[in-house]
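Visitor: I am new to this structure and would like to be walked through it. Please take my questions one at a time.

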Amino acid sequence: MRSTFDSSSTYTYYMAGLTKDTPHPVEIKLHQQSKILDITFSDGKTFHYTCEFLRVHSPSAEVSGHTPGQEVLQTGKRLVNIRKIEPVGHYAIQLNFSDGHNTGLYSWDLLYKYGLNQDTMWQRYLQRLQEAGASRDPASRPPTPNHSCK
């Protein structure tokens, strides 16, 4: 893997895939200010993923569960960012998020599938939030009362 960094706070990663037939990333760019991860695949398709989308759809057991139906609805992730991208062999990346989440491997085929289905997945996520009465916004903390010793 070769990576570059430029003054616009854009990280660029170049990786190789496993086979010629499976689309694999030819460029991965993290835009930390806009919280967008761009991935261009070998077939020419480019997908733009928000960090929030990737976080709430983490393939980790903590989020996705061990079997279908065990998914855990992720709330309050609107402001999450990606702090670090780590390659895993030549088949995946591990994302380290600003909320401390760093489990789950994002394989090339999973990221490609996410790109193709992103709109449907996002709408389903928003529907699940609404049904649960939950929010994308981080929970606000109640003000700390001022205590005085008398």
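Visitor: Is W122 buried or exposed?
Guide: This is a predicted model, and W122 has a relative accessible area of 18% in it. The cut-off for buried is under 20%. With 18%, W122 therefore counts as buried.

Visitor: In which element is W122, and which residues does W122 touch, leaving out those up to four places away in sequence?
Guide: W122 has its place in helix α3. Residues up to four places away in sequence are not counted here. What remains for W122 is a set of contacts with E52, F53, V56 and R136.

Visitor: What distance separates the C-alpha atoms of W122 and F53?
Guide: F53 is among the residues that W122 touches. Along the chain, W122 and F53 are 69 residues apart. Their C-alpha atoms are separated by 7.1 Å.

Visitor: What distance separates the C-alpha atoms of F53 and I36?
Guide: I36 is in strand β4, which covers residues 36–41. I36 and F53 are 17 residues apart along the chain. Between their C-alpha atoms the separation is 9.5 Å.

Visitor: Which residues does I36 touch, leaving out those up to four places away in sequence?
Guide: The count leaves out residues up to four places away from I36 in sequence. The contacts of I36 include K29, L30 and H31, and strand β3 spans 25–31.

Visitor: Where is K35, and what is the value of its phi?
Guide: K35 lies in the loop between β3 and β4, and K35 is partly exposed, with a relative accessible area of 26%. Most residues other than glycine have a negative phi. K35 is a residue other than glycine with a positive phi, near 60°.

Visitor: Is K77 buried or exposed, and which residues does K77 touch?
Guide: K77 has its place in the loop between α2 and β6. Its relative accessible area is 15%, so K77 is buried. Not counting residues up to four places away in sequence, K77 touches E52, R55, V56, D99 and R136.

Visitor: With which side chain does the side chain of S107 make a polar contact?
Guide: S107 is in strand β8, residues 105–107, and is buried, with a relative accessible area of 18%. Leaving out residues up to four places away in sequence, S107 touches Y91 and A92. The polar contact of the S107 side chain, at 2.4 Å, is with the side chain of D109.

Visitor: What is the volume of the largest pocket, and which residues are closest to its centre?
Guide: The largest pocket has a volume of about 350 Å³. It is lined by 16 residues. Closest to the centre of the largest pocket are V56, H57, E71, M121 and R128.

Visitor: Which element gives the largest share of the lining of the largest pocket?
Guide: By class, the lining of the largest pocket holds eight nonpolar, four polar and four charged residues. Helices α2 (61–64) and α3 (108–132) each supply at least two residues of this lining. The largest share, seven residues, comes from α3.

Visitor: What pattern does the chain follow along the sequence?
Guide: The chain has three helices and eight strands. Read along the sequence, they follow the pattern β-β-β-β-β-α-α-β-β-β-α.

Visitor: How many residues has the chain, and what share of them counts as buried?
Guide: The accessible surface of the chain is about 9,200 Å², with 49% of that belonging to carbon and sulfur atoms. Of contacts between residues at least 6 apart in sequence, 42% join residues at least 24 apart. The chain has 150 residues, and the share that counts as buried is 37%.

Notes: Residues numbered from 1 in each chain as written. Predicted model: local features only at pLDDT ≥ 70, side-chain atom pairs only at ≥ 80, totals over all residues. Heavy atoms only, no water. Buried < 20%, exposed > 50% of the residue type's maximum accessible area, 1.4 Å probe, protein only. Polar contact = N/O pair within 3.5 Å; in protein donor to acceptor, adjacent residues only side chain to side chain. Contact = heavy atoms within 4.5 Å. 1 Å grid on protein atoms, 1.4 Å probe; cavity = no way out; pocket = protein on both sides within 12 Å on 5 of 7 lines; lining within 4 Å. Points joined across faces, edges and corners; volume = space filled by probe spheres on them. Nonpolar A, V, L, I, M, F, W, Y, C, P; charged D, E, K, R; others polar. Areas by Shrake-Rupley, 256 points an atom, 1.4 Å probe, with all protein chains shown as cover.
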